[in-house]
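Here is a short tour for someone new to reading protein structures. Keep the picture open while you read, and look up each residue as we get to it.

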Amino acid sequence: MSIRLRGLLAALTLLATTSQAHAWWPFGKDTSYADTRYPIVLVGGIIAFDDILGVDYFYGIADNLRDYGAQVYESNVSALQSNEYRGEELIVQIENYLAVTGADKVNLIAHSQGAPTSRYVAAVRPDLVASVTSVHGENRGTALADVVRGLTPEGGIGEDLADSIAGAFGALWEFASGGPNPDNQSASTVLAASTTAGMAEFNQRYPQALPTDACGTSGQHSVNGVRYWSWGGTGVHTNLLDPFDSIMVTVTRFAFPSGVKHDGILPLCGMYLGKPIRHDYRHNHADAIRHLFGLMGWETDPKTLYRNHANRLRNAGL
């Protein structure tokens, strides 16, 4: 064998062992790369769903994880409800997953409001949870909710109207996705939970793994036997063809002061939980779950982030 050929084979072998190579390695996928000890449960945020008309909330992510050996479930908690309410729904679903798989625990990977929803479950039922990973997590609320709360004061006509509209929308949304509670959706409840004051109250009750400082970047990695990680990003307008981006640019102009880093919905400071992985991806809030339909900018495909994290969980014995 020539020196040049040996060098080429060595380079290909090296690439095959790196995390990025698993997406394109031409000689077959490593089908054990994401094979975690415990099943992975993906937990969505506000207007959460598993899939509607074949479109996943975590767009293309669950199937990609399965391709690499992961056992994955996409939870379906209420679209518009409090963290605790959604958390109780999630507990029931986790118990069902465990009954089917025979596993003892699950790994929760959660986006947006899914993060405090998952934190609630880990706090009240740590026996069910091996790990919680917050992806662009709403761990300290958002100024966007504060602005909306100011426009629709508690107990006012605007709040009643918003609840009526949300009730109709939520019922339709839950019906389309097969959600658990089509008749019990509340815009005012989820809005109160998403304000900075509402999340501060929640965090007093369930502070596990949060950084102690308001904009701290690292919290406890393990609490009550549950391990915590997080990642996030600060992109806003990342793809000219994505209508979500234009909406976020327009709306957040009124919510976030100049100089405050955010992903179009949530402040960077609120995304940290447990052990930080990386929080400077050029992903906005929708990019983190590959929406709209995979339209993103020139940044790492989130499929790679979820897949690499599954491998991280695997290597940690989870």
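Phe 244, Ile 247 and Val 251 together make a nonpolar surface patch of about 240 Å². Keep in mind that this is a predicted model, so take everything here as computed from that prediction.

Let's look at one member of the patch. Phe 244 belongs to helix 9. Its relative accessible area is 34%, and since buried means under 20% and exposed means over 50%, Phe 244 counts as partly exposed.

## The end of helix 9

Helix 9 covers residues 243-252, and Thr 252 is part of it.

Which residues does Thr 252 touch, once you set aside its neighbours within four places in sequence? The answer is His 262, Gly 264 and Ile 265.

## Rings that pair up

Now for the aromatic rings. How many aromatic pairs does the structure hold? There are 8 of them. One is made by Tyr 33 and Tyr 68: their ring centres sit 6.5 Å apart and their planes meet at 70 degrees, so this pair is edge-to-face. The two tyrosines come from distant parts of the chain, 35 residues apart. Tyr 33 is in the loop between helix 1 (3-16) and strand 1 (40-43), while Tyr 68 is in the loop between helix 2 (61-67) and strand 4 (72-74). Both Tyr 33 and Tyr 68 are buried.

Tyr 120 and Tyr 206 also form an edge-to-face pair, with 5.3 Å from centre to centre and 85 degrees between the planes. Tyr 120 has a relative accessible area of 8%, so it is buried. Tyr 206 is buried as well, at 15%.

## A cluster, and charges over rings

Some rings gather in a group: Tyr 57, Phe 58, Trp 231 and Tyr 306 form one aromatic cluster.

Arginines meet rings here too. Arg 278 lies over the face of Tyr 281, 4.1 Å from the ring centre.

Methods. Residues are numbered from 1 along each chain as its sequence is written. This is a predicted model: local features need pLDDT of at least 70, side-chain atom pairs count only at pLDDT 80 or more; totals for chains, interfaces and linings use all residues. Side-chain values use heavy atoms; hydrogens and water are left out. Helices (H or I, at least four residues) and strands (E, at least two) are DSSP runs, numbered from the N terminus. Contact means heavy atoms within 4.5 Å. Patches are made of residues with over 30% relative accessible area and no salt bridge: like charges are joined within 9 Å, nonpolar side chains (Val, Leu, Ile, Met, Phe, Trp, Tyr) within 5 Å. Accessible areas come from the Shrake-Rupley method with a 1.4 Å probe; for residues, only the protein chains shown count as cover. A salt bridge is a side-chain nitrogen of Lys or Arg within 4 Å of a carboxyl oxygen of Asp or Glu. Buried means under 20% relative accessible area, exposed over 50%, partly exposed in between (1.4 Å probe, protein chains only). Rings of Phe, Tyr and Trp (its six-membered ring) pair if their centres lie within 6.5 Å; planes under 30 degrees apart count as stacked, over 60 as edge-to-face and the rest as tilted. A charge sits over a ring if NZ of Lys or CZ of Arg is within 6 Å of the ring centre and within 35 degrees of the ring normal.
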